[in-house]
Amino acid sequence: GHYAWLIASLAHFIIFTNWDAREYQFLKENCENAYTAVSRQFDIPTSENVFVGLLPVFMFNTKEEFIQYANDFDKFDVPKTWAGYYTGSSDGSGHMVMWKPDTKKRGVEQAELNWAHTLTHEFTHAFISRYRSNQRIPRWLNEGLAEVIAAMHFPFVGTHSRAKAMAGKDFAFQDLFNDQKFPPGDMYPVMQTMVEALIREGSLSFKVYPD
């Protein structure tokens with residue numbers, strides 16, 4: 001069946017959603033703002049489109065629809081804690097999938113912050129997958145960089161204290177370098193601070209990694 005309705009073709013996105021029509025403008029603006037935020041980090045003009053055509057974004061109203069789409073179309077048993085994901089292939093194609101968190105559980109302000117952080121994070125993955133080439137980069141670097149850029153605009157309180165707390169724990173640090181394993185949630189502050197440290201050493205390194 002149909003999970004969502006096409007609402008808009010934008011400068012860089014084609015959006016499918018079943019959100020309330022009154023929220024369309026909010027969705028359009030935030031998607032394009034994410035493109036602007038990430039492209040500026042890589043000194044690429046916002047007028048330049050790095051994608052093959054437009055990037056499809058599937059934005060569902062409920063978590064249940066999000067999980068069903070992941071199972072039915074991407075054949076992906078998405079973890080129930082996820083708010084979104086990007087999936088791409090070696091030919092440069094890909095798409096983003098997200099859902100709108102329940103504002104009754106977190107409140108409107110916190111729900112919008114979490115959603116915007118996730119949108120920027122997942123879009124960073126999409127952008128990096130097309131930056132210079134379709135070549136994949138290590139997962140720890142991909143996730144860490146996505147968290148760094150998302151945090152620049154939509155920071156979470158306590159990220160650095162959580163990373164510091166992890167430094168005092170006995171955990172399998174080497175697993176971060178195994179791309180066959182999805183890092184658990186408590187590793188995201190660790191990966192973010194790893195990338196932040198590398199940026200302090202030489203921010204240009206992320207703009208010239210091999211094609």
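This is a predicted model: local features need pLDDT of at least 70, side-chain atom pairs count only at pLDDT 80 or more; totals for chains, interfaces and linings use all residues.
Strand E1 covers residues 5–9 and strand E2 covers residues 13–17; the two run antiparallel, and four bridges join them. Together E1 and E2 make a hairpin, with three residues sitting between the strands. To pick out one spot in this pairing, Ser9 stands opposite Ile14 in E2.

Next come the charged side chains. How many salt bridges does the model have? The count comes to three. One of them pairs Asp20 with Arg22, where the closest N and O atoms are 2.9 Å apart. The two partners can be described by how much of each is open to the outside. Arg22 has a relative accessible area of 74%, so it counts as exposed, since that is over the 50% cut-off. Asp20, with 34%, is partly exposed.

Another salt bridge brings together the side chains of Lys100 and Glu23, again with an N to O distance of 2.9 Å. This pair ties together distant parts of the chain, as Lys100 and Glu23 are 77 residues apart. Where do the two residues sit? Lys100 belongs to the loop between strand E5 (94–99) and helix H3 (103–106), while Glu23 belongs to the loop between E2 and helix H1 (24–41). Buried or partly exposed? Lys100 comes out at 22% relative accessibility, and a residue has to be under 20% to be called buried, so Lys100 counts as partly exposed. Glu23, at 25%, is partly exposed too.

There is also a salt bridge between Asp175 and Lys181, with the closest N and O atoms 3.4 Å apart. Asp175 has a relative accessible area of 29% and is partly exposed; Lys181 is also partly exposed, at 41%.

Finally, there is the second largest pocket, which holds about 200 Å³ of space. Which helix gives the most to the lining? That is helix H4 (residues 108–128), with four residues. Sorted by kind, the lining has six nonpolar residues, one polar residue and three charged ones.

Definitions and conventions. Residues are numbered from 1 along each chain as its sequence is written. Side-chain values use heavy atoms; hydrogens and water are left out. Two strands pair if DSSP finds at least two bridges between them. A salt bridge is a side-chain nitrogen of Lys or Arg within 4 Å of a carboxyl oxygen of Asp or Glu. Buried means under 20% relative accessible area, exposed over 50%, partly exposed in between (1.4 Å probe, protein chains only). On a 1 Å grid over the protein atoms alone, a cavity is a set of points where a 1.4 Å probe fits but cannot get out, and a pocket is an open set with protein on both sides within 12 Å along at least five of seven lines; lining residues have an atom within 4 Å of a point. Grid points are joined across faces, edges and corners, and a volume is the space filled by probe spheres set on the points. Ala, Val, Leu, Ile, Met, Phe, Trp, Tyr, Cys and Pro count as nonpolar, Asp, Glu, Lys and Arg as charged, and the others, Gly among them, as polar.
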